[in-house]
Amino acid sequence: MPIYEYRCRECGDFEKWLTMQETGLPVECPTCDEQAERVFSAPGLMMMSHNIRKRIEYGAEPKVMSKQELDMKPHYHRHSHKKEPSRPWQIGH
């Protein structure tokens, strides 16, 4: 069962163990019983770039992009996405 972080506007941050089915339900603060909002954080912040870490710390929501928008955006990783004739016995990614 994973642990989730929530933020109460009056009492601050707290953590709660929830089942996967309960993650969509509203959660109340254990101190004041007000409804709390979920806080998203990522593990391994030490390995991320400064800009991504700051965006996560300030609670920026990830941008949802269509596949067409994503294909038009330049990639900054080492492999290419060009369709090259591959050998049938190779497993591509």
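Where does aspartate 33 lie? Select this residue to begin: aspartate 33 sits in the loop between strand E3 (27-28) and strand E4 (35-39). Strands here are DSSP runs of E, at least two residues long, and helices are runs of H or I of at least four, both numbered from the N terminus. The phi angle of aspartate 33 is near 65°, a positive value in a residue other than glycine. Aspartate 33 counts as exposed because its relative accessible area is 52%; exposed means over 50%, buried means under 20%, and partly exposed lies in between, using a 1.4 Å probe and protein chains only.

**Before you go on**

You are looking at a predicted model, in which local features need pLDDT of at least 70 and side-chain atom pairs count only at pLDDT 80 or more, while totals for chains, interfaces and linings use all residues. Residues are numbered from 1 along each chain as its sequence is written, and side-chain values use heavy atoms, with hydrogens and water left out.

**The whole chain**

Switch to a cartoon view. Of the 93 residues in the protein, 10% are buried. The protein exposes about 9000 Å², with 54% of that supplied by carbon and sulfur atoms; these areas come from the Shrake-Rupley method with a 1.4 Å probe, and for residues only the protein chains shown count as cover. Take the contacts between residues at least 6 apart in sequence: 21% of them join residues at least 24 apart. A contact means heavy atoms within 4.5 Å.

**The core**

Next, select Tyr4, Tyr6, Cys8, Phe14, Leu18, Val27, Cys29 and Ala36, and show their side chains. These eight residues form the largest nonpolar core, that is, a set of buried Ala, Val, Leu, Ile, Met, Phe, Trp, Tyr and Cys residues joined through side-chain atoms within 4.5 Å. Strand E1 gives the largest share of this core, three residues. In soluble globular proteins, nonpolar side chains tend to be buried together.

Now centre on tyrosine 4. Leaving out residues up to four places away in sequence, tyrosine 4 touches Phe14, Glu15, Lys16, Leu18, Met20, Thr23 and Arg38.

**A ring pair**

How many aromatic pairs are there? The count comes to one, where rings of Phe, Tyr and Trp (its six-membered ring) pair if their centres lie within 6.5 Å, and are stacked with planes under 30 degrees apart, edge-to-face over 60 and tilted for the rest. The partners are tyrosine 6 and phenylalanine 14, which count as stacked because their ring centres are 5.9 Å apart and their planes meet at 20°. Tyrosine 6 is buried at 3% relative accessibility, and phenylalanine 14 is buried too, at 12%.

**Along strand E1**

Select glutamate 5, in strand E1. With 30% relative accessibility, glutamate 5 counts as partly exposed. Beyond its neighbours within four places in sequence, glutamate 5 is in contact with Phe14, Glu15, Glu37, Arg38, Val39 and Ser41.

**Charged partners**

Side chains of opposite charge can pair when their charged atoms come close. There are three salt bridges to visit, each defined as a side-chain nitrogen of Lys or Arg within 4 Å of a carboxyl oxygen of Asp or Glu.

- Aspartate 13 and arginine 7 meet with N to O at 2.7 Å; aspartate 13 is exposed at 52%, and arginine 7 is partly exposed at 36%.
- Glutamate 57 and lysine 54 have their closest N and O atoms 3.6 Å apart. Both belong to helix H1 (residues 50-57), three residues apart, about one turn of the helix.
- Aspartate 71 and lysine 67 have their closest N and O atoms 3.5 Å apart. They are separated by about one helical turn because they stand four residues apart in helix H2 (residues 67-72). Lysine 67 is exposed at 61%.

**Last stop: the surface**

Finish with a surface view and select Met1, Ile3 and Trp17, which make a nonpolar patch of about 370 Å². Patches are made of residues with over 30% relative accessible area and no salt bridge, joining like charges within 9 Å or nonpolar side chains (Val, Leu, Ile, Met, Phe, Trp, Tyr) within 5 Å. Methionine 1 belongs to the segment before strand E1 (3-8) and counts as exposed, at 62% relative accessibility.
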